[in-house]
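Have the chain open while you read.

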Amino acid sequence: MTGPRLRPTAVMYACGMNSVRSPMAEALTHMLFPNQVYVRSAGVRQGKNDPFVDAVMAEIGVDMSKHHPKTFEQLEESGFDLVVTLAPEAHHRALDMTRTEAVDVEYWPTLDPTLATGSREQILNEYRAVRDQLMMRIKKRLDWAPPPSG
């Protein structure tokens, strides 16, 4: 029997270094589902904050200054309903970590914009593409509806 999936109440996003894709996804989920979905992000390795992430998220009104990259081991929470992995190495780690838990682990292949080359604007365009792809996936997977106007 299949029906609509319930929206998860606790989501973790994971990628390689928790500096680009997973913090974007975490911040977008906060923006789209304020006080509705508990959300965190982590990486297989600890990265550094990425100024391109700060720039493209600021374009849509999201302040990334409070994000500090962390690894799976540094994440103090557990009990997520859904773990979304954005890089193959994060997917393997998440499956290994959650094999004894009742949690959905989904892999969303997502390009790594840090591999982009060219001018600052060309690189920013790659980051924007990842941001916008994540926004669409999150809206679809978590069944986002625009707030009623009035």
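## How the helices pack

The axes of α1 and α2 come within 11 Å of each other and cross at roughly 25°. (Axes are lines fitted to C-alpha atoms, for helices over the stretch in contact, with angles from 0 to 180 degrees between N-to-C directions.) That's why α1 and α2 count as roughly parallel (angles under 35 degrees; 65 to 115 is roughly perpendicular). Who touches whom? M24, A27 and L28 of α1 meet V53, V56 and M57 of α2, where contact means heavy atoms within 4.5 Å. By class, this contact has six nonpolar, no polar and no charged residues.

A quick word on the model: it is predicted, so local features need pLDDT of at least 70 and side-chain atom pairs pLDDT 80 or more, while totals for chains, interfaces and linings use all residues. Residues are numbered from 1 along each chain as its sequence is written, and side-chain values use heavy atoms, leaving out hydrogens and water.

Now bring in α4 (residues 120-141), whose axis comes within 9 Å of that of α2 (residues 51-58).

| Helix pair | Axes come within | Cross at roughly |
|---|---|---|
| α1 and α2 | 11 Å | 25° |
| α2 and α4 | 9 Å | 65° |

On the α2 side, F52, V53, A55, V56 and M57 meet α4 residues, including I123, L124 and Y127. This contact of α2 with α4 has eight nonpolar, no polar and three charged residues.

Finally, the strands: β1 (residues 10-15) and β2 (residues 38-43) pair in the parallel sense over six bridges (pairing takes at least two DSSP bridges). M12 stands opposite R40 in β2.

Key:
Helix = DSSP H or I, 4+ residues; strand = E, 2+ residues; numbered from the N terminus. Nonpolar A, V, L, I, M, F, W, Y, C, P; charged D, E, K, R; others polar. Parallel < 35°, antiparallel > 145°, perpendicular 65-115°, else oblique.
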